[in-house]
Amino acid sequence: MSAHRPLPRWADIALLPALNLLLAFLVSGLVVLLVGENPFHAIQVILYGAFGYGDGFGYTLYYATNFIFTGLAVAVAAHAGLFNIGGDGQAYVAGLGAVVVALALDQTHWLIAMPLAVIAAGAVGGFWAFVPGWLQAKRGSHVVITTIMFNFIASALMVYMVNRVLKPASTMAPESETIEVAGRVPQLRQFFSFFGYSPVNLSIVIAIAALIGVYILIWHTKFGYAMRVLGANPTASRYAGISNSKMIMITMTISGALAGMVAINEVMGVQNRLVLDFVAGAGFVGIAVALMGRNHPIGIALAAILFGALYQGGQELQFVIPGITREMIVVIQALVILFTGAMEGLFRPSLERAFMLLSPEQKSEAIAVSTAKPES
Amino acid sequence: MNTQRPETAAASAPANGWAIELEKINKRFGAVHANKDIDLKIARGTIHGIVGENGAGKSTLMSILYGFYTADSGTIRVNGAEANIADSRQALALGIGMVHQHFMLVDNFSVLENIVLGAEDSGFLKPSLNRARKELDRLEKEYGLEVDPDAIIEDISVGQQQRVEILKALYRGAETLILDEPTGVLTPKEADDLFRVLETLRAQGKTVILITHKLREIMAITDNVSVMRQGQMVATVKTSETSPEELAELMVGRRVLLRVDKTAANPGKTLLEVQNLVVADDMGVTRVKDVSFAIRAGEIVGIAGVSGNGQSELLESITGMRDQKSGTVVLNGKPLSLEGDDGAARARQAGLAHVPEDRQRMGLVTTFQEWENAILGYHDKPAYGSGAFLDIAAAKKAAADQVKLFDVRPANINLKSSLFSGGNQQKIVLAREMEQDPDVLVIGQPTRGVDIGAIEFIHNEIIKMRDEGKAILLVSVELDEIRSLADRILVMFDGVIVGEADPATATEGELGLMMAGINKTAPRTIGIAEQGPLP
Amino acid sequence: MDLAVILSVLDATIRLSTPLLLACLAGLYSERAGIFDIGLEGKMLAAAFAAGAVAAISGSAWLGLLAGMAVSLSTTLLQGAAAITLKGNQLIAGVAINMLAAGMTTFLGQTWFSQGGRTPALSEGGRFSPITLPFANELSGVPILGPIYSELISGHYILVYVAFIMVAVTAFVLYRTRFGLRLRAVGENPKAVDTAGISVVKQRYQAIIITGLLCGLAGAYFSIAQGSGFGNNMTAGKGYIALAALIFAKWKPVPAMFTCLLFGFLDALQIRLQNFELPVIGVVPVQAIQALPYVLTVVLLAGFIGKAVGPKAGGVPYTKER
Amino acid sequence: DPAVIYDLGGKFDKSFNEAAYNGAEAWKAATGGNFLDLELQNDAQREQALRRFAGQGANPIVMAGFSWTAALTAVASEFPDTNFVVIDTVVDAPNVQSILFDEHTGSFLVGVLAAMKSETGTVGFVGGMDVPLIHKFYCGYAQGAKAVNPDIKLIENYTGTTPAAWNDPVTAGELAKAAVDAGADVVYAAAGGSGLGVLQAMKDAGKFSIGVDSNQNYLQPGSVLTSMLKRVDVAVQNALTEAADDATFKPGLTVLGLANDGVGYAVDEYNEALITPEMTAAAEDYKAKIIAGDVEVHDYTTDSTCPL
Ligand SMILES: Nc1ncnc2c1ncn2[C@@H]1O[C@H](COP(=O)(O)OP(=O)(O)OP(=O)(O)O)[C@@H](O)[C@H]1O
Ligand SMILES: Nc1ncnc2c1ncn2[C@@H]1O[C@H](COP(=O)(O)OP(=O)(O)OP(=O)(O)O)[C@@H](O)[C@H]1O
Ligand SMILES: [Mg+2]
Ligand SMILES: [Mg+2]
């Protein structure tokens with residue numbers, strides 16, 4: 001319990017993140033200024049690059065697809081009170097599942113290959129999160145540390161797998177064989193020429209399904225209810241007869257499986273083969289996306305598109321203003337995590353004070369609470 | 001508020017002067033006005049008691065005096081001089097020491113390290129530790145406060161830990177010592193020891209402020225007593241000029257009927273049977289040692305005991321929240337399988353409802369809306385949705401019914417649970433558990449932190465359930481509550497049921513002795529437990 | 001294996017464990033004070049960059065070191081503002097710091113030096129040179145002990161000696177001083193510290209200031225001692241290994257030293273084991289050895305080899321109503 | 001305008017990519033033209049970068065590095081009117097020129113020099129990423145060293161197996177130190193940006209290193225014995241000139257070797273004191289023989305073996 005009067009819901013889920021985001025952008029703008037470029041021009045370039053034309057928008061959606069998966073992965077775990085920093089590693093190893101199925105079935109049809117690859121990638125990614133979950137549930141090891149460790153183990157494992165197992169002897173680059181067309185996920189541009197050459201593909205449909213699925217799971221199922229009880233109060237969940245250990249393991253597995261879907265987008269939808277480090281930090285972006293999206297699917301979808309736009313716009317920035325590299329986007333991302341996550345409390349007190357003064361309903365609610373005692 | 005205010009005791013300056021004077025102290029926590037215009041004067045060289053219901057603002061006031069909180073307004077005078085106490089360091093410098101309700105010790109430090117912490121002489125530890133060792137020796141002799149300076153805190157008993165707290169304050173040269181509910185965790189024997197120490201302190205000219213809920217303690221040891229109610233100081237009186245009944249009335253603001261109206265029990269068949277139960281706590285220490293008992297339909301069995309003697313573990317194990325090492329729990333003739341961390345679910349399915357000791361830690365998810373808490377533990381029932389899905393409308397309907405039936409205020413099922421007051425939170429939990437029509441109801445501390453009006457209501461509900469033929473197991477540290485509600489009393493000490501008593505005939509003295517694990521011939525000095533039956 | 005090979009491996013072990021040790025001790029101060037620090041990596045990286053950049057421009061290793069420490073310190077204070085003053089989530093603050101450092105170093109490096117994020121190679125004075133301890137040359141002839149002294153113990157960068165001296169200093173500070181007592185207490189039970197009249201916030205800031213300075217040393221070691229100039233993502237996850245070592249060492253200074261030496265040894269071995277055929281096992285994949293510290297930490301955390309229980313108040317911001 | 005895209009090592013890696021950049025700059029100085037360029041940040045950007053440049057009409061598009069195969073194969077067919085030039089790999093398309101170098105012969109010559117310089121009879125090699133291309137460097141180097149001293153001991157190492165191996169001077173330096181500890185007094189660094197760590201380590205040890213790709217002799221004067229030149233700069237400059245016009249564009253495979261100065265070894269004021277006339281004579285002799293076909297240097301990439 002805290003002594004604060006809570007903010008109205010809309011302020012909590014929209015206004016506060018917006019303010020924090022604004023601050024993150026302001027600081028980013030200062031960084032741009034620092035290197036002698038015009039921040040407004042930079043914003044223009046980013047906006048145009050991300051939304052201004054079909055190709056750009058397609059790229060935005062392609063990046064957003066990844067971020068939806070990793071954002072959901074973080075959010076699902078967060079609802080159960082678990083901080084899964086291992087989305088990167090989970091997505092990475094899931095590539096094994098995706099590529100093995102895709103290569104095995106690329107003589108058939110994507111309608112066969114894709115669902116099976118989804119299952120395989122989900123299973124492998126889920127397993128990579130299940131183990132830290134198991135360790136937390138049964139052995140009490142903190143999931144934050146173990147998932148970090150598992151990111152590194154995943155990276156070593158994948159380097160080995162790609163170099164020693166998947167790489168055809170003849171190729172120079174560490175990558176698997178190329179998946180035949182029949183095994184690839186169809187591109188949206190095959191249906192809408194609007195998207196130009198951009199790699200946005202049918203994985204985005206899986207992402208939308210995942211958003212809806214997670215919404216239903218968390219707020220409309222008994223499992224989701226149990227998850228939220230565990231996340232809010234582990235003692236109460238045990239009291240409620242919920243098996244905390246089982247919940248932790250299942251939730252982590254779901255979380256890992258969601259992160260694993262990045263592999264479908266990347267391996268079967270874009271690269272058409274397994275390349276090293278194809279996740280490219282999407283797992284960490286997921287943290288920012290979930291924080292900004294307040295662990296809610298709608299928020300996550302919006303935040304994912306925001307970050308997708310930043311990524312694609314950042315790419316554009318690099319073409320147009322060579323003085324600003326893509327690293328700028330990593331900086332913005334870090335600032336967003338810093339301000340919406342770790343420094344979330346920066347505006348809260350003053351905002352709460354402002355609302356106390358401004359809003360009559362808040363005041364009456366406060367009074368209702370303080371007078372809620374049965375009269376003596 | 002229709003009580004007339006008794007004359008404020010000792011309004012004129014006492015012989016030794018005032019140690020502490022508080023004037024118009026105000027403190028708010030958000031919407032809670034915890035201290036309203038508090039005036040309080042404490043004479044030097046006395047033991048001054050403070051009583052009041054839970055949440056009356058006692059701890060808050062003392063925390064302000066100790067510099068842990070800052071008052072919103074008001075003045076503090078120490079030894080007649082106005083003092084600005086911004087933090088605990090300044091309080092200590094003014095000779096004010098405090099033993100908190102929850103001990104402020106570093107568990108994995110030694111006694112000596114804890115005593116020295118914050119009162120070191122220099123940058124290096126060695127000289128401080130040496131000096132502390134000597135000083136400790138002296139204090140030990142002077143006040144009879146014996147502890148091993150090299151023991152690690154988590155290895156010593158609660159009573160010993162409390163001594164460390166007192167030593168900490170004395171080591172820092174405290175002239176005024178505040179004790180916040182020091183006896184809540186002590187056995188009667190340990191409490192006696194403590195009061196002996198306090199008397200020595202008074203004899204040495206030190207001032208003691210004692211917060212307690214036990215009016216007997218107030219009567220036995222204090223010189224003056226102040227009563228707080230709902231954030232206000234309602235009276236300060238000489239102990240010799242008042243009585244427990246008057247204090248109780250002052251605390252609540254009306255005459256208190258401490259007796260519960262109930263008819264004689266009419267027990268039926270055995271519903272709950274506990275056989276040879278052995279349970280360990282989180283640290284692996286066996287806290288329940290081979291406990292067996294049975295409860296029949298239509299009776300209330302109370303478990304009495306000083307807290308920390310295994311009652312919590314017993315409760316948690318019967319309700320499936322804690323694994324048992326051995327033993328069986330038989331419900332309605334069928335053994336319950338409780339192992340695994342979802343044992344509570346199976347206990348509920350078998351017809352056992354549970355009102356936990358600590359509603360905020362266990363019985364409620366305070367960040368959830370009221371309706372979400374109304375199905376906690378029963379969310380898997382088909383009534384709240386078929387298959388995997390949750391039927392929100394059904395849950396809200398159930399919540400609305402519960403709120404109505406138990407008069408939860410405010411009657412808003414969409415309000416976040418943390419916004420309900422303690423008493424109403426307790427009602428939410430009770431409503432949920434009682435409305436599931438269980439065969440057996442296990443209740444821990446049903447009225448902890450609940451005001452007198454709600455207590456009456458809750459007690460009546462419990463009696464009603466009994467009369468409907470349910471078996472009820474009641475665990476409470478409030479001996480009065482057990483004596484007025486239970487049909488049979490089992491006394492627990494050190495993990496064992498040391499005896500059974502009939503509430504109608506057993507005296508508080510007899511029960512107290514059992515609770516202390518002492519047989520009746522043990523020698524005693526200060527007779528707190530030596531009181532007659534209830535008025 | 002002959003003495004020369006053993007010495008070569010051990011020599012590399014010392015070189016490679018030094019930044020781990022500095023970072024590990026850095027983490028020790030912060031975590032013992034109750035602030036979980038997964039931002040070690042970012043602080044080291046920022047320091048490595050600052051040290052490399054300033055050393056390149058000024059040509060002075062000492063100025064570089066100073067810059068590295070200053071930048072690491074300010075990064076730490078930023079993290080502290082979030083985690084201590086604003087009571088934000090310590091883990092998220094750490095993640096943010098790591099990302100910020102990764103982005104900013106490359107970004108600024110590229111803008112300032114246009115070398116793909118690298119800083120220019122350092123001149124002679126821009127870099128620390130190995131120190132030859134007294135009599136190293138004279139004694140090298142003595143059998144066995146001679147080479148051990150002259151090759152293994154002598155001839156390292158000054159930061160190497162600082163790191164190992166810091167182990168003793170840390171142990172002393174932690175267990176024998178007032179500061180250490182309060183530091184340990186604030187990580188176990190901040191409320192006890194507060195009621196004892198000590199400011200929790202001040203104590204925690206003091207702790208992380210040391211963390212910042214030590215991370216600065218660790219980072220500078222990468223760019224101006226071991227290496228010659230900063231390269232992208234130069235710390236390459238060493239901050240996380242240091243964190244793993246800290247857990248492995250159960251937050252104690254001397255065990256921390258041994259754990260860092262072990263992890264450094266694995267690294268040195270890994271470099272030498274390429275294409276090296278071991279009897280029975282055959283060629284060990286380099287990746288397996290690279291992953292070993294992480295695997296060991298997981299195994300430890302799982303309680304299969306002892307149990308790692310961190311400072312009790314770790315990870316929880318200290319809130320006190322006013 | 002033409003476009004140049006560098007590989008992950010970055011434009012200023014003092015090695016392979018920098019050579020490409022220098023070539024483009026030379027072309028610019030010679031023609032007064034303008035070129036676009038881009039540094040990749042990760043593997044996933046390759047296709048996007050190609051499409052982006054092709055889409056905005058850049059022609060030709062030159063890219064450096066063997067990792068372009070898949071991306072270029074995909075994009076080349078989408079832009080049949082754009083000419084692409086790729087260095088270090090082969091992409092079979094009508095609008096792609098693939099340029100390969102005889103790194104093995106150049107490495108052979110520096111192997112000769114290394115063996116002659118070595119007093120310990122042990123020479124080292126630190127490769128970047130462990131891929132066939134770098135084995136090609138090693139194999140040529142080993143053959144050259146053995147040609148001079150059949151008993152010479154060779155120490156072969158690679159910085160890593162990921163693209164990060166091109167940018168890891170610390171590990172590369174440790175590998176060089178390990179080689180020195182094992183007796184090597186000359187170490188050849190074929191490791192892109194990581195090679196800087198080798199050069200530094202050898203300088204610290206008072207021994208010799210051999211640079212690669214660009215002329216790196218100036219980086220540690222007096223310690224860099226020579227550099228195995230791979231004239232990526234020349235290739236890029238030529239490509240920018242020729243591929244701009246379909247008339248002069250040469251799709252298909254182009255191999256640059258000793259004969260056309262595509263590879264070689266560097267002698268300049270920084271290292272002339274280190275190389276004796278006998279060494280020069282021997283190297284020049286082998287060079288002539290290789291060009292004439294009298295000495296055959298085995299190319300590792302043809303059969304993935306290195307006969308020693
Ligand atoms: N830190 C806090 N933030 C918000 N409210 C608080 C805080 N501390 C106390 N309160 C509220 O202030 C009121 C007075 O609390 P206080 O702890 O002083 O009561 P008390 O008389 O000591 O009760 P008890 O007998 O239960 O110890 C209560 O309503 C309590 O909930
Ligand atoms: N830490 C806290 N932060 C915010 N509000 C608090 C806190 N503690 C208590 N409150 C609020 O203070 C009020 C009083 O709390 P407390 O738990 O003392 O209830 P109470 O006075 O015992 O209520 P009742 O009379 O119904 O039993 C409630 O409205 C509660 O929600
Ligand atoms: Mg209190
Ligand atoms: Mg109350």
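Hi everyone, a polar contact here means a pair of N or O atoms within 3.5 Å; within protein, one must be able to donate a hydrogen and the other to accept it, and residues adjacent in sequence count only if both atoms are side-chain atoms. This is a predicted model, where local features need pLDDT of at least 70, side-chain atom pairs count only at pLDDT 80 or more, and totals for chains, interfaces and linings use all residues. Residues are numbered from 1 along each chain as its sequence is written, chains are lettered from A and ligands numbered from 1 in the order in which they are written, and side-chain values use heavy atoms, leaving out hydrogens and water.

Let's start with ligand 1. A polar side-chain atom of Ser59(B) sits 2.6 Å from one of the ligand's oxygen atoms. For Ala56(B), a backbone N or O atom is 3.2 Å from an oxygen of ligand 1, and for Glu181(B) a side-chain N or O atom is 3.3 Å from a ligand oxygen. Taken alone, ligand 1 exposes 630 Å², and the protein buries 72% of that (Shrake-Rupley areas, 1.4 Å probe).

Now, which chains surround ligand 1? Residues from chains B and C do, so the site is shared between chains (a residue counts if one of its heavy atoms lies within 4 Å). The surrounding residues number 16, with Gly55(B) and Lys58(B) among the closest.

Over in chain D, Thr105(D) touches Leu258(D), Val263(D), Ile290(D) and Val297(D), not counting residues up to four places away in sequence; contact means heavy atoms within 4.5 Å.
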